Amino acid sequence: MVQQLCKTVLILVNLSVALSIAKASLIHISGPRIAVQYSKIQLRCMASTGQKHFLWYFSSNGSAAAQYPKEPLSSHPFSAIRFDTHGAMLTIRAVDRTHVGSYRCCATDTLCATMSLFVVSATDDPSELRPTDSLGGGVAVLDVQSDGTFELAIFHAPLLEGEISLEREAGAVRFCDHFRHRAEECNEQRTNGVVAYIVRNATMEASAQFQVKITNNKRLEVMHLHILIRGKPIVRMDTYCVLRNLSHINLSCQGYAYPTPNVTFTYTPCLPTAMDRLSDIQRDACEKSITVPQHLERLSPFNHTTIFEVIIPSWPVLKPGIVSCRASNGEGSSSIETLLFVRNFHEPMQFRIESPTDVVLYDDTVNITCQADVYNFTNQLTIHHGGSSFHLAGEQLGYAWTITYLAHITNDSQNEVVCEGHHKNGTRVRSTLNLSIQYPSKPHVVSVNDSVNVTIADGDAVRLECDIDGTPSPDIVWFKNDAHLRHAQGHFVRVALDEDETRATYRCVGRSRLGRATKTWYIVVEESMHWLLIGGLGAGALIALLVIGTVAWSVGAYQQLLHRQMDLETQLRMSKENVADELMTVPLSQRNYNTPGMGSSLVHEA
């Protein structure tokens, strides 16, 4: 029975909490929770259930429903509070500490919303606290006089599990910890319904942005507070150093000031030789000052702060000289000057090789220039090389004293050259140039052959490597069929087989100041296996025909030879038979065996 009763009570409690949350989501109050004293604020009551008529209640002691009076605010003739037609908008024309407390807006007896209102005030007469917008809360500015003394108070009703604090936004530093090293005194006092801060003799640099944080009934309310202490402008400018080929620069003047100052720039051209230091500048070597037109100025977008920066965009650089900035406000004026240097180079001295532009070789004549800016150096320069010293007078070229030195390199002991400049303060500044000397080597092909046949099959690609080397490193240029390949750079070119590559010729030429070398590739197209098979069969058939023809001719000729031999033997036999027959018919006494031709033949026959 007890367990059942506990479950029932738990269900009722959860249901009550759910109903409270649901009601809170059905009606709410919008408007500032932390307001600036004497500002106008508006609180609007809105319900999602469609109600248009509302009643407002006020309690200065807390937010519990039992502490609200039974009669609504509309029944009391408060001169500072007004309502719209339906009572949804509550307007306080000049809020003060009497309006601090809890406000309750009800659409019905059970559908209500509550909020607490806190007021921040500058309690000393000279300081002025004002909101930055017409809503009366959220962001405020405290305008403090130049003596840096002010008093600030936060008025509140009794808090329900709450806390009030004032911290600097940057770093979350507590209020008096921030002013501890920037003012003579900072005190915090907490009494019933008031948190007060007293600051004495703070400097303008102590100006900062703070946050008023109030926690009440587990709800956090925040107001951003800019505390600005009036003061005479403090200005700063950097020295300008620009190269002679730069036509425009941005002039900038920064500093601290409140109120925001009016800034004026002036420019005074001067002779560069008279611009040693700003404190020692020769004013008679300068021209008349020029005031920069005001319409060129651009104020940096710093809101509610003592920091300012004014920029002159794209100011044309004419000559070196003096740039000044003057800032003025109601607290006073201050100015600063800086030098505008126009230089040939960034460093005070420059020491470099003019030629050769690649590498230094043995037996080279090296052209070296040494330069020192005219602002800090005299025109006297000294070259130390190979155990000897050469004192030279520099010629002014642009904004630097310049000398030229020719060094003939014959051995390793001449690899270091030193240029010494004479500073106007009596010191000497050295710049050292270490030469990396190398042995010369004309451009040459590293591989054995400088002419190569390259066979490419259909669908394949090859990479041609130009292995031409030398000291100094040669520049590589590619050609195809004597046409310059402008897209080909470096030592490699990729070649793929197409109609354009048939019988193509590639050349790479390596050039340096010592000469040139060339390597050539002849592109040979390799037939496919199909055409090779057909070509092979045709060649075999032709050879076979030739062999057969030769054999047939030989057989015919042999047969003809046999026939001729047989005919000759037949004729000879028949001749012998005829002679024998004739001899048989002649008497022995008349036979002549010495008949020419016949006798030898007979004797041979016998």
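**Disulfides in the model**

I will begin with Cys-253, which has a relative accessible area of 0% and is therefore buried. Please keep in mind that we are looking at a predicted model. The partner of Cys-253 in a disulfide is Cys-325, with a distance of 1.9 Å from S to S, and Cys-325 is likewise counted as buried, because its relative accessibility is 1%, where the cut-off for buried is under 20%. Turning about the S-S bond by -80 degrees, the link between Cys-253 and Cys-325 is left-handed. This pair connects distant parts of the chain, since Cys-253 sits in strand β20 (residues 248–258) and Cys-325 in strand β25 (residues 321–329), which puts them 72 residues apart.

How many disulfides are there by the distance rule? The count is 7, and I would like to go through two others.

Cys-45 and Cys-105 form a disulfide with an S to S distance of 1.9 Å, and their link is left-handed, with -100 degrees about the S-S bond. Here Cys-45 belongs to strand β3 (residues 41–47) and Cys-105 to strand β7 (residues 101–106), so that distant parts of the chain, 60 residues apart, are linked. Both Cys-45 and Cys-105 are buried.

Finally, Cys-370 is joined to Cys-419, S to S 1.8 Å, and this disulfide is left-handed because the torsion about its S-S bond is about -90 degrees. Since Cys-370 lies in strand β29 (residues 365–373) and Cys-419 in strand β34 (residues 416–423), the pair ties together parts that are 49 residues apart in sequence. Cys-370 and Cys-419 are both buried.

Notes: Residues numbered from 1 in each chain as written. Predicted model: local features only at pLDDT ≥ 70, side-chain atom pairs only at ≥ 80, totals over all residues. Heavy atoms only, no water. Disulfide = S-S within 2.5 Å. Helix = DSSP H or I, 4+ residues; strand = E, 2+ residues; numbered from the N terminus. Buried < 20%, exposed > 50% of the residue type's maximum accessible area, 1.4 Å probe, protein only.
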